[in-house]
Structure formats: structure tokens, C-alpha cells
Amino acid sequence: MSAKYYAPTGGHPGQEQLLTDRAVFTDAYAVIPKGTMRDIVTSFLPFWEGTRLWVLSRPLSGFAETFSQYIMEVAPGGGSDKPENDDGAEGVLFIVEGTATLRVNGEVHVMTPGGYAFLPPQCGWTLHNESDEMLRFHWVRKAFEPVEGLPMPEVIVTNEADIAPTVMPDTDGKWATTRFVDPSDLRHDMHVTVVTFEPGAVIPFAETHVMEHGLYVLEGKAVYRLNQDWVEVEAGDYMWLRAFCPQACYAGGPGRFRYLLYKDVNRHMSLRRTF
């Protein structure tokens, strides 16, 4: 089955529409529905031409602590020769629409939907839209946490279509994760994966763990258990889950339920208070 990737296009709802939506913001989780991603809430970045973005999460008291996540929209001819201005930031790109030309370490990579890139700090990458169509992609950023004795991870550029999903045990193939990084590679301090549920599949227990999550629904719909609440989500919605927020879901069908998942991994817990 071919992959589908939802991407927002902006615009504004008509004056005849109700303002009620499914947006929720709590201390434990947030749900940012696709209907909130309108023109009026876009942002812009220095040194990016022909580009706007939706900020889905950012480090903030009572919100995301370890990462930020953007949906970037780059018009034909747009892009940046200086995309990242933080020397300590690592990044992951995931293409959902259009074609990106990524240049890094002297190599040129033409990335299409499903394309994934891991970019370690100070790798000197550039990105442009050299096509005639709009480019939209996710950009996850995190302050890299080096560990003495572990080398810096290398650049990774691949595509979801070229990676066999890892099936969760005892699920008959109904729940699988596409992993772009080897989980045993301790050089990495974050993972961005694609999680797939077949119609009717379920997370059969309330996951409660230290990893913080960002989840962007690429395809389908589901009912998600977040803390003590059940919420409906669909393609284009975004969820932030605080560390230890109980979480589970039922995939609603009729098609697959798929999301792009961020989590922080492989590092000691900081003993310095951050609040």
C-alpha cells in the first residue's frame, strides 16, 4: 500500500463557520488540530527565502522540553544557504509533499515524499526547492547532547520506502515502526520514526514512560488515550505528550493510522532542575 502524507496548506475558514474545534492544551498533553494551521499563525525564519512555517512545538515552561518541531513550506525557488543558526542543534527532516534538494558534506540529495534526513550539528547543510511545486516537510530540532567517548553520528539520508518496518511482537503485523536509526546506536539522543497501525489495531496498555513525544498524524484517524482523556485525532493533527503522560490508542479505520513520532533517548536523566 502506497504511503500518504498529510500536509497543511493554510488559508482561512469562512465567517459562516463555527469556531469550535478540537484544540486541547494541558500540563500533560496538547492536541493541535489541523484546522488551526492557518495563514494567520505562520512564522518566518532568517535566511530562508520563499518560506513560511507552522511551529508545532517549542521548548516552553509547561510544554515541550527537549525539542522543537516545524512544518516548513517552501515555494518554488525558495530555500536557504544558512538554514540552522544554532551550532549545537541537530535536526531531522521528513518530506511530506514536493521535492527538496539537500546539499550536505559535498553531496546532493534529491528528497521526495517519505524522504528522511538526520543532520548532526555543524554539518553545513543547505536546502532548496528547485522544482515547480510547493515543498512541505517536517523539521525536528534538538540540542545535541554529546557524550565523552562517543563520536558524533553521521549524516543519514534515506526514504521510508527503502526501510522494512519493524513489527511489534504479538501483534500479527498490525502495529509496526519504521526506524531510520539503529536503536542500539547510542551516539543518537533522539529518534524520529514512522508508526503504522492497521485498521482496528490498538496499543493495548497505557504506555507511561520517561520519553517525551511529538506525534504528527500523517494518515488515517484514531481515538487516543491521553492521561485520563479520550480524544479523536485525524491526519494533519499534532499531539505533544509530556514525559510519563499515560498514552494508548485505537486505530479507527477504514485505512491505516500512521504518525511521525519524536522521542528523546539514550542519555542520563539531567539532575539539574529545569523548572
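Strands are DSSP runs of E of at least two residues and helices are runs of H or I of at least four, both numbered from the N terminus. The structure is a predicted model, in which local features need pLDDT of at least 70 and side-chain atom pairs count only at pLDDT 80 or more, while totals for chains, interfaces and linings use all residues. Residues are numbered from 1 along each chain as its sequence is written, and side-chain values use heavy atoms, with hydrogens and water left out.

UniProt, in an unreviewed entry, places the feature "domain: Cupin type-2" at residues 71-140 and 194-258; such annotations may be inferred rather than shown by experiment. Residues 71-140 are 0% helix and 61% strand, with end C-alpha atoms 9 Å apart. For residues 194-258 the values are 0% helix and 52% strand, and the end C-alpha atoms lie 7 Å apart.

Arg141 belongs to strand 10 (residues 135-143). Arg141 counts as buried because its relative accessibility is 16%, the limit being under 20% relative accessible area (1.4 Å probe, protein chains only). Its side chain makes a polar contact (N or O atoms within 3.5 Å, one able to donate a hydrogen and the other to accept it; residues adjacent in sequence count only if both atoms are side-chain atoms) with the side chain of Glu84, at 2.8 Å.

Terms used: Buried means under 20% relative accessible area, exposed over 50%, partly exposed in between (1.4 Å probe, protein chains only).
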